[in-house]
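Here are my notes from a pass through this model. Have it open beside you while you read.

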Amino acid sequence: MNMQIAERESVAMSSQSAGQPVVRNDEANHDLSIRVRDLNLWYGQTQALKNISIDIFQKNVTALIGPSGCGKSTFLRCLNRMNDLIRGVRIEGLVEMDGRDVNESRMDEVALRRRVGMVFQKPNPFPKSIYENVAYAPRMHDLVSRKAEQDELVEKALRDAGLWNEVKDKLHQPGTSLSGGQQQRLCIARAIAVQPDVILMDEPTSALDPISTATIEDLMDKLKKQFTIITVTHNMQQAARVADYTAFFHLGELIEYNDTKTMFSNPHTKKAEDYITGRYG
Ligand SMILES: Nc1ncnc2c1ncn2[C@@H]1O[C@H](COP(=O)(O)OP(=O)(O)OP(=O)(O)O)[C@@H](O)[C@H]1O
Ligand SMILES: [Mg+2]
């Protein structure tokens, strides 16, 4: 380790010992979206998340990076309680939105998942029409009553997802008839149709070609004006391009959290530097 990094690392570590909040809001003064403190998660006997403390800022893109198995997907799922669906999971610590712990027993999980939507690695449209893929959840949540209102909402979500022009003449064809990149934008339209606060994206472009990937990256940049986006990527260029903040995970720990520019130009930890520069796979 060279001296400069050693020095920076010791500064980073002394200001952020294990379990201390990891807060990076020095310059920007963004509003807080999700506050996580001392989050621990076990799958049976195996601990997958260790003392994670992080502030996620509203209407920004936060990228989660780190080697395979370091806990990125597990962490994302903690934010809308999707780990509840996995047997043998034990969670400790705080995940707070609007002053409420999402894990408290009174929390309505359906309402939570409306506020914190998710887009997965593999596009997974429902086996229904393009229209129904978008209209279904708003109807279930009673966000629309009249048909005209529903049509309007479907159009808006598809426009915001950058898909309207490609599908407006075939809204009643199956969602699965679209290309992979279009299907992923349909899944984004479905996620935003219920007006969530936060959209979680777990490697949303890893199954897509470069052009579809660029389209989704552009879309993330537009969507962050309305939504808080937390995305996982193995593509360092993508994180550098789309994210305002980047969090580096390693073996279940949050090693470094920084604004993206600092993370990629002047990482404060040797582990993050090694990962970003490809010395660690
Ligand atoms: N359902 C599960 N049951 C048991 N262990 C699990 C489960 N899901 C994940 N794990 C374990 O938890 C750890 C973190 O996994 P996770 O999927 O969160 O990693 P990741 O960072 O998303 O990896 P990748 O980049 O490969 O997607 C791994 O050791 C994994 O084996
Ligand atoms: Mg994962």
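Predicted model: local features only at pLDDT ≥ 70, side-chain atom pairs only at ≥ 80, totals over all residues.

1. Start with the six-stranded sheet. It is open, its strand order is β6-β7-β8-β3-β9-β10, and the pairing is mixed. The edges are β6 (116-119) and β10, each of which pairs on one side only. On average, neighbouring strands here are turned by 20° against each other, if you ignore direction.

2. Now look at β3 (residues 61-65) inside that sheet. It pairs with β9 in the parallel sense over 4 bridges, and with β8 (residues 228-232), also in the parallel sense, over 4 bridges. If you want landmarks for the β9 side, Ala 63 stands opposite Thr 246 and Ile 65 stands opposite Phe 248. On the β8 side, Leu 64 faces Val 232.

3. Is β3 enclosed or open? With 5 of its 5 residues buried, it is largely enclosed by the rest of the structure. Val 61, Ala 63 and Ile 65 point one way and Thr 62 and Leu 64 the other, and all of them are buried.

4. What does β9 do on the β10 side? It is joined to β10 (residues 253-259) by 6 bridges, and the two strands run antiparallel. One pair to click on is Ala 247 with its bridge partner Tyr 257. The two strands form a hairpin with 2 residues between them, and Leu 251 in that turn has a positive phi of about 45°.

5. Next, the packing. Nonpolar side chains tend to be buried together in soluble globular proteins. In this model the largest nonpolar core has 69 residues, and Ala 189, Ile 192, Ile 199 and Leu 200 are those with the most contacts inside it. Helix α7 (residues 180-192) supplies the largest share of this core, 6 residues.

6. How does α7 sit on the sheet? It lies across β6 and β7 (198-202), and runs at about 170° to β6.

7. On to ligand 1. Which residues are around it? They are Tyr 43, Ala 48, Gly 66, Ser 68, Gly 69, Cys 70, Gly 71, Lys 72, Ser 73, Thr 74 and Ile 86. By type, this shell divides into 4 nonpolar, 6 polar and 1 charged. Helix α2 (residues 72-79) brings the largest share, 3 residues.

8. Since 6 of the 8 residues of α2 are buried, it is largely enclosed by the rest of the structure. The buried ones are Lys 72, Thr 74, Phe 75, Leu 76, Cys 78 and Leu 79. Lys 72 and Thr 74 also belong to the shell around ligand 1. After α2 comes Arg 81, with a positive phi near 60°.

9. Finally, the other sheet. It is an open one of 4 strands, in the order β2-β1-β4-β5, and its pairing is antiparallel. At the edges stand β2 (46-57) and β5 (100-101), each with a single partner strand, so one side of each is left without a neighbour in the sheet.

Conventions: Residues numbered from 1 in each chain as written. Chains lettered and ligands numbered in written order. Core = buried A, V, L, I, M, F, W, Y, C linked by C-beta atoms within 7 Å. Buried ≥ 20, exposed ≤ 12 C-beta atoms within 10 Å, placed from the backbone. Pairing = 2+ DSSP bridges. Near = placed C-beta within 6 Å. Nonpolar A, V, L, I, M, F, W, Y, C, P; charged D, E, K, R; others polar. Axes fitted to C-alpha atoms, helices over the stretch in contact; angles between N-to-C directions. Contact = placed C-beta atoms within 7 Å.
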